[in-house]
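Keep the structure open while you work through the exercises.

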Amino acid sequence: MHTDDKTIKEFLDEKYFHYNSKDFIELDPVSIPHLFTKKEDREIAGFLAATIAWGNRKSIINNGMKLMNWMDHSPHEFILHHKKKDRKVFEKFVHRTFNGSDCIFFIESLQNIYTNHNGLESAFTKVNSAGLIDNITQFRTVFLEAEHLKRAEKHISNPLQKSSAKRLCMYLRWMVRKDKKGVDFGIWKNISPSQLCLPLDVHTGNVSRGLGLLTRKQNDWQAVEEITSVLRSMDPKDPVKYDFALFGLGVDKFLK
């Protein structure tokens, strides 16, 4: 590692420790699964919060809370045992382009996953692969088993079509990473933190380019693999810990 690379690593390590704290939780969509202690509640609440995690963070959290309220704050019980009439209230849900019909499809698909596929962790780990792209594409196949409108498919990203799959990568970080800081849960054991990929968005992409860590201009899956490879050279066991640093620097307008 060159001196400049080492300096950047030291800088990112410092920012990781700064941003990865319980103070981070309150203003982030990860606050939604933090409402719960049961594994299945956390993974369902986290999946739904991650699904709508684009745009204004306050709006994301408010809409995530609305979904939890409609599920009587027992998402696992609701997903397993709800009846068709219980889904009616979700028809009026709207977050950006994610609407009521999308929401009902997600609920039906989650019911299928917990009834027939042993839950979300199992759906993501049906393949034994070193590359996260295989886990995501296999999960997508399982998720789309439930009857749905074609338009709903855009809400489950497809890295095979070059999507950065930012929200799914972020969700997997929440479920898989574990440290003593208390933000990420570390409740999934069948994917290693070393396999995770950076949730690439405007913030993490721009800061990565500003630091000279990412050359690709588009925020697509190729860029995800490029930046994750660089981060893996800094910490092979836990490359995505640097998401805290890159995202936090972006939100704090470091580049300006």
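## Exercise 1: A helix and its surroundings

Of the 12 residues of H8, 9 are buried, so this helix is largely enclosed by the rest of the structure. Bear in mind that the model is predicted.

**Task.** Find H8, compare its span with the expected one, and work out which residues are buried and what covers them.

**Solution.** 

Step 1. Locate the helix: H8 covers residues 132–143, which is 12 residues.

Step 2. Check its span. From the first C-alpha to the last, H8 reaches 16 Å, close to the 16 Å expected at 1.5 Å a residue.

Step 3. Pick out the buried residues, using the cut-off of under 20% relative accessible area. In H8 these are Leu132, Ile133, Asn135, Ile136, Thr137, Phe139, Arg140, Val142 and Phe143.

Step 4. Look at the cover. The buried residues of H8 are covered by parts that include helices H3 (39–51), H6 (100–116), H7 (120–124), H9 (166–176) and H11 (221–234).

## Exercise 2: How H3 packs on H9

**Task.** Describe the packing of H3 and H9 by angle, distance and handedness, then list the residues that meet.

**Solution.** 

Step 1. Two packed helices are described by the angle between their axes and the distance between those axes.

Step 2. For H3 and H9, the angle is about 155° and the axes lie 9 Å apart. Angles over 145 degrees count as roughly antiparallel, and that makes H3 roughly antiparallel to H9.

Step 3. The crossing of H3 past H9 is right-handed.

Step 4. From H3, the residues Arg42, Glu43, Gly46, Phe47, Ala49, Ala50 and Thr51 meet Arg167, Leu168, Met170, Tyr171, Trp174 and Met175 of H9. Sorted by class, this contact of H3 with H9 has 8 nonpolar, 2 polar and 3 charged residues.

## Exercise 3: One serine

**Task.** Is serine 208 buried or exposed?

**Solution.** 

Step 1. Find serine 208 in helix H10, residues 202–210.

Step 2. Serine 208 has 0% relative accessibility, so it counts as buried.

Step 3. Leaving out residues up to four places away in sequence, serine 208 touches Leu213, Leu214, Ile227 and Leu246.

Technical notes
Residues are numbered from 1 along each chain as its sequence is written. This is a predicted model: local features need pLDDT of at least 70, side-chain atom pairs count only at pLDDT 80 or more; totals for chains, interfaces and linings use all residues. Side-chain values use heavy atoms; hydrogens and water are left out. Helices (H or I, at least four residues) and strands (E, at least two) are DSSP runs, numbered from the N terminus. The expected span of a helix is 1.5 Å times one less than its number of residues. Buried means under 20% relative accessible area, exposed over 50%, partly exposed in between (1.4 Å probe, protein chains only). Contact means heavy atoms within 4.5 Å. Axes are lines fitted to C-alpha atoms, for helices over the stretch in contact, and angles run from 0 to 180 degrees between N-to-C directions. Angles under 35 degrees count as roughly parallel, over 145 as roughly antiparallel, 65 to 115 as roughly perpendicular and the rest as oblique. A crossing is left-handed if the near helix is turned anticlockwise from the far one by less than a right angle, and right-handed if clockwise. Ala, Val, Leu, Ile, Met, Phe, Trp, Tyr, Cys and Pro count as nonpolar, Asp, Glu, Lys and Arg as charged, and the others, Gly among them, as polar.
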